[in-house]
Each structure stands twice: as C-alpha cells, then as structure tokens.
Amino acid sequence: MPRSFDQRLPVPLRVLWRAAAGFIANDGSTRAGYIAFASLFAVFPFLIWLTALAGFAGRPEMVDEIVALAFEALPAEVVETLAPVIAEVLTERRGHLITAGMIATLWAASSGIEALRAGLNLASGVTEPRPVWHRRLQGLLFVVLGALVTLVATAAIVIGPDVWRFVSDMLRLPAVWEGAYAAARYGIAPTTVFLAIAALYRWLPKPGPNRLVLPGAGLATVAWLILASLFSLYFERSTHYTVTYGSLGGIVVTLLFFYLSAAIFVFGAEFNAALRRNPP
C-alpha cells in the first residue's frame, strides 16, 4: 500500500506537517484572534492586580521594574504603543487586595486564561468536562500564582547583581565568570517564556494525556523569539503601515503582534497533539 505524502517526509517535517494540518482543520487562525483579543483585554487588569499585590508586599515600585523587563523582550513598536497606556494605568497605586473592584479586576484578568484553555482543548480534540466555576477558580489561581512568580522572579533579577558581587568578592571568583553571569541574565526572558508556555500546555486543558508539552513549548518559544526579532527588524525599515493606518498604526501593529503570538501558541499546542496522536 503506497504511503501518504506526510509519511514520506523526514520525521521532524512530518510532525510539523501534521501540526499545520491540525492548525488549519481546527481553525487555528480564528482561535488565535480570540486569544489575542482576550489576552490584550486581560493585560491591564492583570497589571492593576499585580500593582495591588506589590503594594501589599511593600514594594510597589517593583511593578515598574517588571514592566521595564517585559518591554526588553517586545518589539519597539509594540512598546511605544503600550508604554503610555500602561504608565497611565500604573500611576494610581492600589494597595487593597480584597475589594469588589479588585475581585472584578482579577476576574477580568482570568478571562485571558479561559481563552487559552479553549484553544488548547480544541487542539487536543477534547470537550471540557469541568463546570464553569471550576475552570474559573483555576484561572484565578493561575493569575494569582503568575503574579506571585513574577514578583519573586523580578526581585531575584533586581537583587541579583548585588548578590553576585557579594559572592564573587567572598569566593574571589575569576573575572571571566562575570561574563557568564551576564549571559545567564539574558537567558532569563526566554527561559521564563518557555516555562510559562509549558505550564499552560500541561495544566490548562482537560485532564488527560497532556504530559508531552516540552517539544511544543520549545518550538513556540523559539518561534516567538524569532517573531519578536523579525517584527522589530521589519518595522525599523518600513513605514508603510503608518501610510495605511495613520495614527492607528501603532495600535494595528500591537494587535498584529498579539495575534501572531497567539497563533504561535496554538501551533505549539497542535505540535504536541500531533506528537501524541501520531508518534514518529
């Protein structure tokens, strides 16, 4: 019996082909649009809640450091659009966690989690069996844990140089190790992206065979880093989008970046699903 087209491909290309077929069959582009909208809608409530949590911890200025670190990984055009709005949102410091407004804000931030869950379930070809309240509670937990991890990671990054200098002086480490430490700091952003994507792939979908998450998370992380680099490179050399969209150009570019990032996230899930269903 003759083999199908994808069976004649090398194993890596075969899995990519099947992931692409799953992306198209499951209408991944539409799912990416929904995820992009919901994620952008959830960014600002998340920052508001993160500000309140940082104020409760006695370090409200840490949110500014978090935003600055996040901006280092984003294309300049996206930063120029989001920075003024985020600065305006963060101007009013909120120190109260348990208020009706904060609970509503936390709920709004969890809406982005629900959009990701829907996309992952469809990639896996499953129907979500858990009730709405269960899913929402898990989404809220993800937001809270995400905020806590973000604060702890940022604190580690901020105090990292002081700790390194203390350890280096105490142990009299060679100067060449300073370069290794600097290189390790640059690896924090991609490592954080990878771990966050892997956690979402593992625990958001319907409970089941979701343990194979690292290949898709790795692929999505590499693709997202390439996307961010190419995005910056292209828009540094092109101004056509301002001619087409005028003053809305920055907003359009930001939405496009969120959409392509969401498409990469969905494709990574499809890649994992293709590996589970048709192991090479």
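A salt bridge is a side-chain nitrogen of Lys or Arg within 4 Å of a carboxyl oxygen of Asp or Glu. Glu 114 and Arg 117 form one, with their closest N and O atoms 3.0 Å apart. The model described here is predicted. Its chain has 11 helices and 0 strands, and 41% of its 280 residues count as buried.

**The chain as a whole**

- From the N terminus on, the elements run α-α-α-α-α-α-α-α-α-α-α.
- Among the contacts with a separation of 6 or more, 79% are made by residues 24 or more positions apart.
- The accessible surface of the chain is about 15500 Å². Carbon and sulfur atoms account for 71% of that surface.

**The salt bridge between Glu 270 and Arg 31**

- The count of salt bridges in the model comes to 3.
- One of them joins the side chains of Glu 270 and Arg 31, at 2.9 Å from N to O.
- This pair links distant parts of the chain, since Glu 270 belongs to helix α11 (residues 249-277) and Arg 31 to helix α2 (residues 28-56). The two residues are 239 residues apart.
- Glu 270 has a relative accessibility of 2%, so it counts as buried. The cut-off for buried is under 20% relative accessible area.
- Arg 31 also counts as buried, because its relative accessibility is 8%.

- Glu 114 and Arg 117 both lie in helix α5 (residues 100-124). They are 3 residues apart, which means that about one helical turn separates them.
- Glu 114 counts as buried because its relative accessibility is 14%.
- Arg 117 is at 2% relative accessibility, and therefore counts as buried.
- Arg 135 forms a salt bridge with Glu 114 as well, and here the closest N and O atoms are 3.8 Å apart.
- Arg 135 lies in helix α6 (residues 132-171) and Glu 114 in helix α5, so this pair ties together parts that are 21 residues apart in sequence.
- The relative accessibility of Arg 135 is 18%, so this residue counts as buried.

**The cavity**

- The structure holds 1 cavity of 30 Å³ or more.
- The largest cavity has a volume of about 70 Å³.
- It is lined by 11 residues, and those closest to its centre are Ser 124, Tyr 201, Ala 269, Asn 272 and Arg 276.
- Helices α5 and α11 each supply at least two residues of this lining.
- By type, the lining residues of the largest cavity divide into 7 nonpolar, 3 polar and 1 charged.

**Thr 221 and Val 193**

- Thr 221 is in helix α9 (residues 214-237), while Val 193 has its place in helix α8 (residues 188-203).
- Along the chain these two residues are 28 residues apart, and their C-alpha atoms are separated by 6.4 Å.
- Thr 221 has a relative accessible area of 6%, so it is buried.
- Val 193 has a relative accessible area of 23%, so it is partly exposed. Partly exposed covers values between the cut-off for buried, under 20%, and that for exposed, over 50%.
- Leaving out residues up to four places away in sequence, Thr 221 touches Pro 190, Val 193, Phe 194 and Ile 197.
- With neighbours within four places in sequence set aside, Val 193 is in contact with Thr 221 and Trp 224.

**Asp 27**

- Asp 27 sits in the loop between α1 (11-25) and α2.
- The phi angle of Asp 27 is near 55 degrees, a positive value in a residue other than glycine.
- Asp 27 is partly exposed, because its relative accessible area is 40%.

Note on methods
Residues numbered from 1 in each chain as written. Predicted model: local features only at pLDDT ≥ 70, side-chain atom pairs only at ≥ 80, totals over all residues. Heavy atoms only, no water. Helix = DSSP H or I, 4+ residues; strand = E, 2+ residues; numbered from the N terminus. Buried < 20%, exposed > 50% of the residue type's maximum accessible area, 1.4 Å probe, protein only. Contact = heavy atoms within 4.5 Å. 1 Å grid on protein atoms, 1.4 Å probe; cavity = no way out; pocket = protein on both sides within 12 Å on 5 of 7 lines; lining within 4 Å. Points joined across faces, edges and corners; volume = space filled by probe spheres on them. Nonpolar A, V, L, I, M, F, W, Y, C, P; charged D, E, K, R; others polar. Areas by Shrake-Rupley, 256 points an atom, 1.4 Å probe, with all protein chains shown as cover.
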